[in-house]
Amino acid sequence: MADTLTLFTSIGLSEQKAKETMKNEALSSALKEAIIQAQRVRGASGVDKAAGTLLYSMASRLKDPKRLAFLSDSIVLCKICTELQLAAALEFVKSHPEDPIDQKAFERACGVGVVVTPEQIEEAVESIIKKHKDQLLKERYHFNMGLLMGEARSALKWADGKVVKNEVDLQVLHLLGPKTEADLEKKLKPQKAKAAGGEVKKKEEDVALTEEGVSGEGKSLMEQLRGEALKFHKPGENYKTEGYVVTPNTMDLLKKHMEITGGQIRTRFPPEPNGILHIGHAKAINFNFGYAKANNGICFLRYDDTNPEKEEEKYFTAIRDMVEWLGYKPHAVTHASDNFQQLYDLAVDLVRRGHAYVCHQKGEELKGHNSPPSPWRDRPAEESLVLFERMKKGLFAEGEATLRMKTVMEDGKLDPVAYRIKYTPHHRTGDQWCIYPTYDYTHCLCDSIENITHSLCTKEFQARRSSYFWLCNALDLYCPVQWEYGRLNLTYTVVSKRKIIKLVESGVVRDWDDPRLFTLTALRRRGFPAEAIINFCARVGVTVSQTTTEPHLLEPLKVTVTNLPEHSQSAVRVPNFPANEAKGSHTVPFARTIFIEQSDFREVMEKGYKRLTPEQPVGLRHAGYVISFQKVIKDARGKVVELEVTCCGSETAEKPKAFIHWVSQPLVCEVRLYERLFLHKHPEDQSVVPNGFLSDINPSSMHVISDALVDTSVRGAKVLDKFQFERVGYFSLDPDSTAEKLVFNRTVTLKEDPGKM
């Protein structure tokens, strides 16, 4: 311990820094090796503080330990003298894992021997100042000086950064002179754009769907995914990825992989077929299929069917249905079970290599760190092979034996299970197997078998990345790269399969497709189009563009036009899209009896109200009539149930302040209005909802109007057809509809025209 402390302080580390370093076993070992190597080259006293700082930085950042001696030599031989050169050196060795290193190429990439003279610095800065002179004179010291430094550093890659900055400051001062009082004033920030009406938009209230990570800033999904390609590795360059483990066989395996794929990007969407997909899965679908599509690659739909107890055929069908609904066609539909025999053979090989063992400890998880390992961890490979064969033959009870891998995951999970016993017939393989592989074992191996280039998953799987690499390398297989992305967080709902089942079983919701849930089948039933889901995932927002059906009434009020004949009837032509009448129209009847929305009549005039009152006439949209109040009819409780009015042609009447919707000879339909299913934003948070999520149900989450009225033009609508009921919202025809009665689900509400109160 004392020798290590002395060694670390000998290169300029403070005693405190040296002691902190010694607590990190991996860093301490690497730094010790680097210093010893440096001393072999320059002697025990030949490593000064500047070299020591670079050695420390190199040891803490280097991912491939076999390059440690090479880089240590480069530092103490003064080939690598700056942090900039060290960064270039680390990048070079990461990009060139094969031996031998091309010394000349390395030195060119790292600027070894390059000398940048003061004259060159002065000349380069002078050229940059000249380029921006007009703007500098205009903005003076409010100009973005970082722009000058950025261009100077780009032009003078290997120059000392401090010298470059001093030269920039000097030449700016020479051009502009000393700062004035005006230069010292803070630059005013531009005002935010105002919303319509001249008012700054209010902060949006919490919505039911939120997303981690950076906004798409209005870019389409394909644009964003093409941009991500710049951050991901190129096919065949897996070794350039941070944390990727390079073995002696890596380059040969990558070469064979490239021969198979031709350099094409390959992704996969690997759902478990034991539940219905929710909005969070939509991001995974879009990310995997979309990334492949945006970059001319292919994507597999692979069912992770390794748990026969929970899998049902209806889930397989529903998953593919949702993928295709979102507009994607899998390159191939595969199953983890396609590879059961190969996965078993690989497990046998893993045991032979000493990387796995049969364990009899109850429970699947062993805690890592200070917890003791399994007492069976060191049993001979031959013994584990015999026991594993007995597991396969069904000679153990469930839970009596598992096959564990000898590795520690990043979250501290020790020796994750590779195989467990389940005496449940599999939907595809029947009774052929009684041992089934786990996700931790299956996932990376199926990726390798399918030659996946980019294994895309959400951030909670980051703790499995090192074990992903470990398992492929332990078996000398091609190793794909796992990339993580931010997941969608949902509020005012639950997406856990187990909890949705409880909601169904307790009668809170009808099924997985209840429109109050955020499963994809529920969102589709509620009326959200696939484009809205894709746009949401891209952070563009939910947009709906469907046929508009304007006559509709949720709370109808009967109106009799007394100055029309008893059996009067005419046809009124109504545009399908009022904002664009060129898109077609349909006809609706107009008779002596019509219905209007109850809110379109007020018995007592209120300031600012523009619709029908005893003193104020109102127009009927598209009908060409203006109606005027004559009489109100009420029931025994005093509720207004009918109005009597007269009408006249709009061309002869004084222009009314508003035009309202109406319907004549309507269809009676059922309308279902939805609100949030839960009262609290995080119903699963026991600090907020101590009695559990089932106690947090919003009693007003669904309101059914059984006698709403809609015009006859919707009579031939098909299930899931979309309609806009003006001033009320977007609606979709529900599968519960019958020939006798249509049922509409409200998808989203519309804000009513503020000019009509």
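Q: What makes a stretch of chain a helix in this predicted model?
A: A helix is a DSSP run of H or I with at least four residues, and helices are numbered from the N terminus. P100 is found in the loop between two such runs, α6 (83-95) and α7 (103-110). The peptide bond that leads from D99 to P100 is cis, with omega near -5 degrees.

Q: Why is E119 called exposed?
A: Exposed means over 50% relative accessible area. E119 has 55% relative accessibility, so E119 counts as exposed. This residue lies in helix α8 (residues 118-131), and E119, E122, E123 and E126 gather in a surface patch of negative charge.

Q: Why is C110 called buried?
A: Buried means under 20% relative accessible area. The value for C110 is 0%, so C110 is buried.

Q: What makes the contact between K94 and E91 a salt bridge?
A: The side-chain nitrogen of a Lys or Arg must be within 4 Å of a carboxyl oxygen of Asp or Glu. For K94 and E91 the distance is 3.8 Å, N to O, and their side chains meet in a salt bridge. The two are three residues apart in helix α6, so about one helical turn separates them. K94, at 24%, counts as partly exposed, and so does E91, at 41%.

Q: How do you know that R377 and D415 form a salt bridge?
A: The limit is 4 Å, and the N to O distance between these side chains is 2.7 Å. The pair links distant parts of the chain, 38 residues apart, with R377 in the loop between β6 (366-367) and α18 (381-392) and D415 in the loop between β8 (413-414) and β9 (417-421). R377 is partly exposed at 22%, whereas D415 is buried at 0%.

Q: Why is R140 called partly exposed?
A: Partly exposed covers values between the 20% limit for buried and the 50% limit for exposed. R140 has 22% relative accessibility, so R140 counts as partly exposed. Its place is in the loop between α9 (133-139) and α10 (145-155). Phi of R140 is near 50 degrees, a positive value in a residue other than glycine.

Note on methods
Residues numbered from 1 in each chain as written. Predicted model: local features only at pLDDT ≥ 70, side-chain atom pairs only at ≥ 80, totals over all residues. Heavy atoms only, no water. Patch = residues over 30% accessible without salt bridge, like charges linked within 9 Å, V, L, I, M, F, W, Y side chains within 5 Å. Areas by Shrake-Rupley, 256 points an atom, 1.4 Å probe, with all protein chains shown as cover. Lys, Arg positive; Asp, Glu negative; His and termini not counted. Charge placed at Lys NZ, Arg CZ, Asp CG, Glu CD. Buried < 20%, exposed > 50% of the residue type's maximum accessible area, 1.4 Å probe, protein only.
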